[in-house]
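This report is meant for someone meeting the structure for the first time. Please look over the sequence and the model below before reading on.

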Amino acid sequence: MKEAFAVMDNKGHILTLGIESSCDETSVAIVADGRIVLSNIISSQIEIHKAFGGVVPEIASRKHVEAIIGVIDAALKEANVSLSEIDQIGVTFGPGLIGALLVGLSAAKTIAFALNKPLIPVHHIEGHISANFIEYPELKPPFVCLVASGGHSHIVDCRSYGDFRIMGRTRDDAAGEAFDKISRALELGYPGGPVIDRMAKEGNPHAIQFPKVHFNDSLDFSFSGVKTSVLNYLNNTKARGEEIISADVCASFQRAVVDILVENLMKAADKTCYKKICLAGGVAANSALRKAAEEAALKAGIEFYRPSPILCTDNGAMIACAAHYASKERRAGSNLNAFANVSIENIDGLFNKSAN
Ligand code: KG4
Ligand code: ZN
């Protein structure tokens, strides 16, 4: 058996500094004992990328460089701790935009080296899942988690802290990506999720039938079909000179996506026989998804967990939390690299003690 790492400061609390920079949020948090958030500073670039209708990778990297030092300082200040009191540093190493990830990694490596403190690499999806541990201090694995964001749509069997098995994944677009593309087609702006969520409340979810893709014997998703179907509906309605009722389109599209997400999540829960389901990722902020998953869990007699909206989208606290639990098994050294694509399965296998 692998020898476990031990980290403990002299006051009996473990303070983790978590850094997240995989996409368009520069975020740094200080978390005590894995679940107590002392600070969680999020500097969002959304307003800058709005003009382009999506995240521009080169701009994202530059903005992370400009923001990172100020965000670290603000997180320490709000937590009222000094850098020397930090016990370990957690950082997102992937998946994400390489240039953006490298900014967070460089900052984390520098702090870890200067303080001579452990550096713990965190998988971005592992971070999203961990947001549930912050929201629910009593929650423990195993459970099944639906992780849906702008870059990912996965159903994950969370067997224990840091030990994950993918039960289903998208074969094309991520759920959040589909929200963003439909929003763009309706000229509702970026990011699409929050605005479609709002508009859908005013619309009829049964007004238009958009397709829901199922795969036999697989919990995989496909959202490109529903996206194309919405785009065709918009083009055909325009060509006929008929009025497009955006609220109905939003509500019907959202229903198609939410139905399939919840259906597969419940099938996964059934397969594992776990009595707990969780949501995670930016799309988990969706009000219809939260409601539908909660109702399905209630009907099945299982427990339902979801982070507050602020913990669903990218943030440093979820990374610090994941790092806290990974710290016994995982370390990296100054050669830690960023990965644009990397599986959540077997993260510990990528890193071992010799890397330190
Ligand atoms: O997790 P996240 O902040 O970044 C990634 O890791 O991708 O997720 C961002 C995604 C975007 O696609 C955004 O449109 C979507 O989450 N999103 C939502 C909602 N809020 C954010 N999707 C549906 N409904 C929402 N309320
Ligand atoms: Zn994310």
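## The zinc site

Along the chain, the donors of the zinc ion (ligand 2) follow the spacing H-x3-H-x185-D. This is a predicted model, and in it the zinc ion (ligand 2) is coordinated by the NE2 atom of His124, the NE2 atom of His128 and an OD atom of Asp314, at 2.0 to 2.1 Å. Because His128 lies in helix H4 and Asp314 in the loop between helix H10 (309-312) and helix H11 (316-326), the pair ties together parts that are 186 residues apart in sequence.

Are His128 and Asp314 buried or exposed? His128 is buried, with a relative accessible area of 1%, and Asp314 also counts as buried, at 10% relative accessibility.

## The surroundings of ligand 1

Ligand 1 is surrounded by 20 residues, and the closest of them are Gly150, Asp180, Gly193, Asp197 and Asn286. Sorted by class, this shell holds six nonpolar, eleven polar and three charged residues. Helix H4 (124-135), helix H5 (175-185) and helix H6 (192-200) each supply at least two residues of the shell around ligand 1, and H6 gives the most, with four residues.

An oxygen atom of ligand 1 lies 2.8 Å from a backbone N or O atom of Gly150, while an N or O atom in the side chain of Asp180 is 2.7 Å from an oxygen atom of the ligand. Asp314, which is also a donor to the zinc ion (ligand 2), has a polar backbone atom 3.1 Å from an oxygen atom of ligand 1. Of the 560 Å² of accessible area that ligand 1 has on its own, the protein covers 91%.

## Asn286, beside ligand 1

Asn286, one of the residues closest to ligand 1, lies in the loop between strand E9 (276-280) and helix H9 (287-300). At 5% relative accessibility, Asn286 counts as buried, and its side chain makes a polar contact of 2.9 Å with the side chain of Gln254.

Glu85 lies in the loop between helix H2 (57-79) and strand E4 (88-94). At 29% relative accessibility, Glu85 counts as partly exposed, whereas Asn286, in a loop of its own, counts as buried.

A polar atom of the Glu85 side chain lies 2.8 Å from the backbone nitrogen of Ser82. The C-alpha atoms of Glu85 and Leu115 are separated by 9.5 Å, although the two residues are 30 residues apart along the chain.

How values were computed:
Residues are numbered from 1 along each chain as its sequence is written. Chains are lettered from A and ligands numbered from 1 in the order in which they are written. This is a predicted model: local features need pLDDT of at least 70, side-chain atom pairs count only at pLDDT 80 or more; totals for chains, interfaces and linings use all residues. Side-chain values use heavy atoms; hydrogens and water are left out. A residue is near a molecule or strand if one of its heavy atoms lies within 4 Å of it. A polar contact is a pair of N or O atoms within 3.5 Å; within protein, one must be able to donate a hydrogen and the other to accept it, and residues adjacent in sequence count only if both atoms are side-chain atoms. Accessible areas come from the Shrake-Rupley method with a 1.4 Å probe; for residues, only the protein chains shown count as cover. Ala, Val, Leu, Ile, Met, Phe, Trp, Tyr, Cys and Pro count as nonpolar, Asp, Glu, Lys and Arg as charged, and the others, Gly among them, as polar. Donors are N, O and S atoms within 2.8 Å of the metal (3.2 Å for Na, K and Ca); water is not among the atoms, so sites may look incomplete. Buried means under 20% relative accessible area, exposed over 50%, partly exposed in between (1.4 Å probe, protein chains only).
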